[in-house]
Amino acid sequence: DIIFIPLDIVGFDLADLQTFVDTMDWITVTFWTLDIVMSFLTGFNVEGVLEMRPSNIARNYLRTWFLFDASIVATDWAFLIDG
């Protein structure tokens, strides 16, 4: 939006870039979806000790960033599918 809104305001024909924009939409939503999966596999520090047990990693992620990440990615998927 930071790039495309000013271009639209000055009259740049954005139709020429539609294929690029559609491709980038799919790439970014796929990247962030995979980031959620990777977050379930990423350890974290507890009092200076690296925690790598999958159940503790999942519990920590679900308690911290998961809701935020999932809501953003779900919104992205909804807009992408809706067109």
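**Reading the model**

Modeller: Let's start at Trp 32, which sits in helix H2; helices here are DSSP runs of H or I with at least four residues, strands are runs of E with at least two, and both are numbered from the N terminus. Keep in mind that this is a predicted model, where local features need pLDDT of at least 70 and side-chain atom pairs count only at pLDDT 80 or more, while totals for chains, interfaces and linings use all residues. Residues are numbered from 1 along each chain as its sequence is written, and side-chain values use heavy atoms, with hydrogens and water left out.

Colleague: Is Trp 32 buried, exposed or partly exposed?

Modeller: Buried means under 20% relative accessible area, exposed means over 50%, and partly exposed is in between, using a 1.4 Å probe and protein chains only. Trp 32 has 43% relative accessibility, so it counts as partly exposed.

Colleague: What separates the C-alpha atoms of Trp 32 and Ala 74?

Modeller: They are separated by 10 Å, although the two residues are 42 apart along the chain. Ala 74 belongs to helix H4 and is partly exposed, at 45% relative accessible area. Val 29 is 45 residues from Ala 74 in sequence, with 9.2 Å from C-alpha to C-alpha.

Colleague: Now salt bridges: how many does a search of the whole structure find?

Modeller: The rule is a side-chain nitrogen of Lys or Arg within 4 Å of a carboxyl oxygen of Asp or Glu. The search finds one. The side chains of Glu 51 and Arg 53 meet in a salt bridge, at 2.8 Å from N to O. Glu 51 is buried, with 10% relative accessible area.

Colleague: And where does Glu 47 lie?

Modeller: Glu 47 is in the loop between strand E1 (44-46) and strand E2 (49-51). Its phi is near 50°, a positive value in a residue other than glycine. Glu 47 is exposed, at 82% relative accessible area.
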